[in-house]
Amino acid sequence: MTARRTIPFFDYPALFRELEQEIMTSVRDVFARGAYIMQRDLLDFEKELAAYVGVKHAIGVADGTMGLLLPLLAMDLKLGDEVIVPSHTFVASAAAIHHAGGTPVLADCGRDHLIDPQSVRKLVTKRTRGIMPVQLNGRVAYMEALDSIAREHGLFIVEDSCQALGAKFKNRFAGTFGVAGSISFYPSKTLGAFGDAGAIITDDDAFAEKLHILRDHGRGPDGSVCMWGYNSRLDNVQAAILRIKLKRYDSYVVRRREIASLYQARLGRLSQLLLPPAPGSEPDHFDIFQNYEIEADHRDELRAHLEEHGVKTILQWGGKVIHQFQKLGFTETLPYAQKMTDRFMLLPMNTTLSDDDIEYICDSIEAFYRA
Ligand SMILES: Cc1ncc(COP(=O)(O)O)c(C=O)c1O
C-alpha cells in the first residue's frame, strides 16, 4: 500500500485553477460591458449547447430545478394529474411535479440504479399524464421501453437529464427523448457553473417559445405580458463561464470514462461490490459518469475505513431516496430502491483525480475487504 493521501470528494479550487486565466478574462469582459442579464454570452451559450446535443433550442434558466418546473408548467398539469418519477433521484425532480400542480408517483430502480420500466408500467393509471425519467449518474435509462409505455398511454416525457449532459442511448443525447430535458450546471456537475445555473433543451418550436416566456416574467418577444411567468434566467456571467467549459466538455467526459475503466479494472473482481456498467460494455449506452455510484457490502464500515485513509465518499441525497422522506407522505414499497439505500455510495469521480489517486482508493478498498 502506498503512502497516505488526502483525496477530497470534490476539489472546486483545483477546477478553478485549471481555467483561472481564461475565466477571469471572460468575467472581466462581462463586467466591463455591464452585460448581466440576457446578453450575448447567454445567447451564444444557448446556441452552442443546442448544437452540442443536436436540438433546435436551449433555454438558459436559473437552475436545473427550474429546468424541470417550467416544462411541467408548460404542460398545464391539472390537480390530480400524476407524473411517474423514480424514487432514486434528487428531491427536486418530484418537487417540480408537485409545484407544477401534479402528483409525483414514485417508481423503483433497477441494478443500474436508473428508473425501472417494469415498475413504471405497473404505476400507470387513468390519472397518469407523464413520465419523468431521471438520467442518473450520467447514464440514460432504457428509453425505448419508457417511450413505448408513453406512446401506449398518450403520456408526455419530460427528462431530468440534470446529471447527464452528453450521455447517450442508441446514439441519442440525454434530454432529447421527450418534449424537453433539463440540464443542471450546479458546480459539481460535469459542466459546472460557479453558482446555480441550468438549461432546458427541446426540439419543439412552440414549446420553446412558451419556455422563453415563462422564464422571463411571462413576457413575450415584444415585452408585453401574455401569461403568468417567473424570473428564471441563466445569469449572463455564468453563461460566459459555461461557454469556456463547454468547449472542453468532451475531454472531461473522456477523463471520467477513463477513471470509470480504472475502477472497473481494479474493483470488478471484488464480489462484495456492485459496480456501474463499465464504459463500452453495452453498445447502446454512452455514459458520462457524472457520479460513480457503487453498492458495497458493509458500506458504512467501508466508508469509515476510507475516511481513515483520507478518502472522502458521499451518499447521494444524504442516503435516502424520496419515498423514504416520511414527511412527504409517500407510501410506496419499492424493493430495489429500499434494499439499495443500505448499500449505495459514491466513490470520488472528477477530472482532478490522477491515476495514482484511483489506484490508492482501490488499494484502500481491497485492503478493507481483505482484512
Ligand atoms: C437528478 C437531479 N435532478 C435535479 C437536480 C436539480 O438541479 P439544480 O441543483 O441545478 O437545481 C439535480 C442537481 O442538483 C439532480 O442531480
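The model is predicted: local features need pLDDT of at least 70, side-chain atom pairs count only at pLDDT 80 or more, and totals for chains, interfaces and linings use all residues. Residues are numbered from 1 along each chain as its sequence is written, and side-chain values use heavy atoms, with hydrogens and water left out.

**Ligand site**

- There are 14 residues around the ligand, and Gly64, Thr65, Asp160, Ser184 and Lys189 come nearest. A residue is near a molecule or strand if one of its heavy atoms lies within 4 Å of it.
- Thr65 places a polar side-chain atom 2.5 Å from an oxygen atom of the ligand.
- In the side chain of Asp160, an N or O atom is 2.7 Å from a nitrogen atom of the ligand.
- Gly64 uses its backbone: a polar atom there is 2.8 Å from an oxygen atom of the ligand.

**Aromatic pairs and a charge over a ring**

- Rings of Phe, Tyr and Trp (its six-membered ring) pair if their centres lie within 6.5 Å; planes under 30 degrees apart count as stacked, over 60 as edge-to-face and the rest as tilted.
- Phe31 and Tyr36 form a tilted one, with 6.2 Å centre to centre and 50° between the planes.
- Phe31 is partly exposed at 47% relative accessibility, and Tyr36 is partly exposed at 43%. Buried means under 20% relative accessible area, exposed over 50%, and partly exposed in between (1.4 Å probe, protein chains only).
- Tyr52 and Tyr249 pair edge-to-face, at 5.7 Å centre to centre and 85° between the planes.
- Tyr52 lies in helix α2 (residues 40-53) and Tyr249 in helix α9 (residues 249-267), so this pair ties together parts that are 197 residues apart in sequence. Helices (H or I, at least four residues) and strands (E, at least two) are DSSP runs, numbered from the N terminus.
- Tyr249 is buried, with a relative accessible area of 1%.
- One aromatic cluster is formed by Tyr52, Phe173, Tyr249 and Tyr252.
- Lys168 lies over the face of Phe286, 5.2 Å from the ring centre. A charge sits over a ring if NZ of Lys or CZ of Arg is within 6 Å of the ring centre and within 35 degrees of the ring normal.

**Helix α4**

- Helix α4 spans residues 91-99, and its Ala92, Ser93, Ala94, Ala96 and Ile97 are buried.
- The cover over these buried residues includes α3 (64-74), β2 (82-86), β3 (103-107) and β5 (156-160).

- His88 sits in the loop between β2 and α4. The residue is buried, with a relative accessible area of 2%.
- The His88 side chain makes a polar contact with the side chain of Glu293 (2.9 Å) and another with the side chain of Trp317 (2.9 Å). A polar contact is a pair of N or O atoms within 3.5 Å; within protein, one must be able to donate a hydrogen and the other to accept it, and residues adjacent in sequence count only if both atoms are side-chain atoms.
- Not counting residues up to four places away in sequence, His88 touches several others, including Cys109, His113, Met340 and Phe344. Contact means heavy atoms within 4.5 Å.
- Gln163 is found in the loop between β5 and β6 (168-169) and is buried at 9% relative accessible area.
- A polar side-chain atom of Gln163 lies 2.5 Å from the backbone nitrogen of Asn137.
- Leaving aside neighbours within four places in sequence, the contacts of Gln163 include Lys189, Gln290, Gln316 and Trp317.

**Along helix α9**

- Asp250 lies in α9 and is partly exposed, with a relative accessible area of 46%.
- Ala260 is also placed in helix α9, and it counts as buried at 1% relative accessibility.
- Leaving aside neighbours within four places in sequence, Ala260 is in contact with Pro279, Phe289, Tyr292 and Met349.
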